[in-house]
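Good morning, everyone. Please look at the screen, and I will walk you through one protein chain.

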Amino acid sequence: MGVSMARIDYAPWGLSPPHTHPRATEIMFVAEGTLDVGFVTTANKLFTRTVSKGEVFVFPRGLVHFQRNSGNTSALAIAAFNSQLPGTQSIADTLFGAAPPLPSDTLARAFQVDGGMVESIKSKFPPKY
C-alpha cells in the first residue's frame, strides 16, 4: 500500500533521540500529552514546536529530527509514513556504534574533542554485528 504507521508511548520526560527516516516523510499526531519536537534542515536551521493533544507535526523525509515528552505524565503519539519501509537511522548509534567502528580520530576531529572523549562515548554504544 505504500504507507505505514506506528504507535509511540513516551514515558514522562521520555525521548526519541535524533534520527532520520531516509525513505519517508513522517506525520505525527499527539493523542495524549505534550511533545517538544523539531527537525534540522539541510541548511542547519532548527525548527521546533510544542505539539499538544490533538495536534500534528510533519517531519520532512531524510531530515534529522527528535521528539521529547516535556511533561511529568505519559504521552502517546501515532506516526504515519508515506512508505511501507521508511527506515530509521539513529544519529548517535550510526556514528558511535557502527561495525566496524568509525575511526576515533575522524570523530574527534569532526566534533572537535579529544580521542578519549570519543572512546568514552563509543563505550555507551556497543557495535551491533
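A word before the first annotation: UniProt positions are given in the numbering used here, and annotations may be inferred rather than shown by experiment. Keep that in mind for this one. The UniProt record, an unreviewed entry, carries the annotation "domain: Cupin type-1" over residues 1–119. Also, this is a predicted model.

What does the chain look like over residues 1–119? Over that stretch, 45% is strand and 16% is helix. The end C-alpha atoms of the stretch are 43 Å apart.

Now the domains. The protein is divided into two parts: domain 1 takes residues 4–87, and domain 2 takes residues 91–123. Their C-alpha centres lie 26 Å apart.

On to the sheet. Which strands build the open sheet, and in what order? There are four, and the order is β1-β8-β3-β6. The pairing is antiparallel. At the edges sit β1, residues 4–10, and β6, residues 56–59. Each of these edge strands pairs on one side only. From one strand to the next, the twist averages 25°.

Let's zoom in on one pair. Strand β3 covers residues 26–32, and with β6 it makes four bridges in the antiparallel sense. Find Ile27, which is in strand β3. Opposite Ile27 stands Val58, in β6.

Stay with those two residues. Ile27 and Val58, together with Phe29 and Val56, form a nonpolar patch on the surface. The patch has about 300 Å² of accessible area in total. Which elements give two or more residues to this patch? They are β3 and β6.

Next, a hairpin. Strand β4 is residues 34–40, and strand β5 is residues 46–52. These strands pair in the antiparallel sense over seven bridges. One example: Asp36 has Thr50, in β5, as its bridge partner. Five residues lie between the two strands of the hairpin. There, Asn44 takes a positive phi near 65°.

Where does Trp13 lie? In the loop between β1 and β2, with β2 being residues 15–20.

One last stop, at a peptide bond. Is the bond from Ala99 to Pro100 cis or trans? That bond is cis, with omega near -5°. Pro100 lies in a loop too, between α1, residues 91–96, and α2, residues 104–111.

That's the tour. Thank you.

Definitions and conventions: Residues are numbered from 1 along each chain as its sequence is written. This is a predicted model: local features need pLDDT of at least 70, side-chain atom pairs count only at pLDDT 80 or more; totals for chains, interfaces and linings use all residues. Side-chain values use heavy atoms; hydrogens and water are left out. Domain bounds come from an automatic or database domain assignment. Two strands pair if DSSP finds at least two bridges between them. Axes are lines fitted to C-alpha atoms, for helices over the stretch in contact, and angles run from 0 to 180 degrees between N-to-C directions. Patches are made of residues with over 30% relative accessible area and no salt bridge: like charges are joined within 9 Å, nonpolar side chains (Val, Leu, Ile, Met, Phe, Trp, Tyr) within 5 Å. Accessible areas come from the Shrake-Rupley method with a 1.4 Å probe; for residues, only the protein chains shown count as cover. A salt bridge is a side-chain nitrogen of Lys or Arg within 4 Å of a carboxyl oxygen of Asp or Glu.
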